[in-house]
Amino acid sequence: MKISADALLFDNDGTLVSSLDSVLRCWTRWAEECGIAAEDFARVELHGRPADDIIADLLPADRRPWARARIDELELADVPGGVKLLPGTAELLAGLPAGRWAVVTSANRKLAEARLVEVGIRPQTLISADDITRGKPDPEPFLLAAERLGVDPARCVVFEDAPAGLAAGRAAGMRTVALATTTDRSELAADIVVEDLSAVSARVIDGEDGAVEITARL
């Protein structure tokens with residue numbers, strides 16, 4: 001299946017890199033330190049959401065500043081050895097001009113950059129939780145990425161593994177490619193669903209200013 005686009009917008013965790021074990025390890029320890037009951041913690045969706053939103057679901061306002069600082073500390077300390085490239089990531093990004101793709105993540109900038117540097121990815125455009133006021137599933141992160149790249153949102157393709165991120169892409173008026181890396185296919189609503197980025201290839205037509213032809217092997 002082929003799609004023509006002017007820009008590719010990638011979620012990071014679960015799309016470009018795998019950090020799920022690190023996320024679970026750090027947030028579980030954090031919940032224990034905060035005295036959060038296991039059943040309450042289990043009810044909260046962690047993946048694909050900003051840390052501030054997760055914390056707000058679990059703690060009163062007066063405890064949130066310390067809690068945010070603590071999860072940031074835990075996750076940054078866990079980056080070395082806690083992040084790995086997912087299949088197809090390096091190959092796909094290597095064929096794209098720097099100005100035709102962006103990383104759009106729910107992590108804060110410091111953590112996102114640390115995870116990306118750990119696996120050798122240095123995007124020209126990075127949208128993090130620090131850049132927005134409303135996180136996924138709100139479309140703001142993806143719309144900001146399109147604006148920074150100077151591209152019509154309708155000409156962007158979003159690559160996501162989390163339902164919240166896919167909902168954000170759809171709300172932004174963008175086409176979506178779901179990766180079944182962290183979520184069952186039955187829960188992924190997207191234009192295309194693939195196993196991971198090894199099933200996706202891209203080439204720029206007519207030079208760097210031309211459209212990007214994306215091919216997905218279903």
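Q: How many bridges pair E2 and E7, and in which sense, parallel or antiparallel?
A: In this predicted model, E2 and E7 are joined by 4 bridges and pair in the parallel sense. One of the paired positions is Leu9, whose bridge partner in E7 is Val158.

Q: What about E2 and E5: how many bridges are there?
A: There are 3 bridges between E2 and E5, and these strands run parallel. Leu8 has Trp101 of E5 as its bridge partner.

Q: Which residues of E2 are buried on its faces?
A: Ala7 and Leu9 are buried on one side, and Leu8 and Phe10 are buried on the other, so to speak covering both faces of E2.

Q: And the sheet itself, what is the strand order?
A: The sheet is open and has 6 strands in the order E6-E5-E2-E7-E8-E9, with parallel pairing. E6 and strand E9 (192-194) are the edge strands, each pairing on one side only.

Q: How many bridges join E5 to E6?
A: E5 and E6 run parallel and are joined by 2 bridges. Val103 has Leu126 of E6 as its bridge partner.

Q: Which strands does H7 touch, and what angle does its direction make with that of E5?
A: H7 packs on the sheet and touches E2, E5, E6 and E7. The direction of H7 makes about 150° with that of E5.

Q: Why is H7 described as largely enclosed?
A: Helix H7 (residues 140-149) has 10 residues, and 7 of them are buried, so the rest of the structure largely encloses it. The buried residues are Glu140, Pro141, Phe142, Leu144, Ala145, Ala146 and Leu149.

Q: What do those buried residues pack against?
A: The buried residues of H7 pack against strands E2 (7-10), E5 (101-104), E6 (126-127) and E7 (156-160), and also against helix H8 (163-171).

Q: What follows H7?
A: Gly150 follows H7, and its phi is positive, near 70°.

Q: Where does H8 lie?
A: H8 lies across E7 and strand E8 (175-179), and runs at about 170° to E8.

Q: Changing topic, where is Asp11, and is it buried or exposed?
A: Asp11 is in the loop between E2 and strand E3 (17-18). Asp11 is buried, with a relative accessible area of 5%, which is under the 20% cut-off.

Q: Which side chains make polar contacts with that of Asp11?
A: The side chain of Asp11 makes a polar contact of 3.3 Å with the side chain of Thr15, and one of 3.2 Å with the side chain of Lys136. Not counting residues up to four places away in sequence, Asp11 touches several residues, including Val104, Thr105, Phe159 and Glu160.

Q: Which residues have the most contacts inside the largest nonpolar core?
A: Phe10, Phe159 and Ile214 have the most contacts inside that core, which has 32 residues. The residues touched by Phe159, leaving aside those up to four places away in sequence, include Leu8, Phe10, Val177, Leu197 and Ile214.

Q: What does the second core include?
A: The second core is separate and has 18 residues, among them Val23, Cys34, Ile36 and Phe41.

Q: How many disulfides are there?
A: The count comes to 0 disulfides. Cys26 is in no disulfide, and the nearest cysteine sulfur, that of Cys34, is 13 Å away.

Q: Are Cys26 and Cys156 buried or exposed?
A: Cys26 is buried, with a relative accessible area of 4%. Cys156 is also buried, with a relative accessible area of 0%.

Terms used
Residues are numbered from 1 along each chain as its sequence is written. This is a predicted model: local features need pLDDT of at least 70, side-chain atom pairs count only at pLDDT 80 or more; totals for chains, interfaces and linings use all residues. Side-chain values use heavy atoms; hydrogens and water are left out. Buried means under 20% relative accessible area, exposed over 50%, partly exposed in between (1.4 Å probe, protein chains only). Contact means heavy atoms within 4.5 Å. Two strands pair if DSSP finds at least two bridges between them. Axes are lines fitted to C-alpha atoms, for helices over the stretch in contact, and angles run from 0 to 180 degrees between N-to-C directions. A disulfide is a pair of cysteine sulfur atoms within 2.5 Å. A nonpolar core is a set of buried Ala, Val, Leu, Ile, Met, Phe, Trp, Tyr and Cys residues joined through side-chain atoms within 4.5 Å. A polar contact is a pair of N or O atoms within 3.5 Å; within protein, one must be able to donate a hydrogen and the other to accept it, and residues adjacent in sequence count only if both atoms are side-chain atoms.
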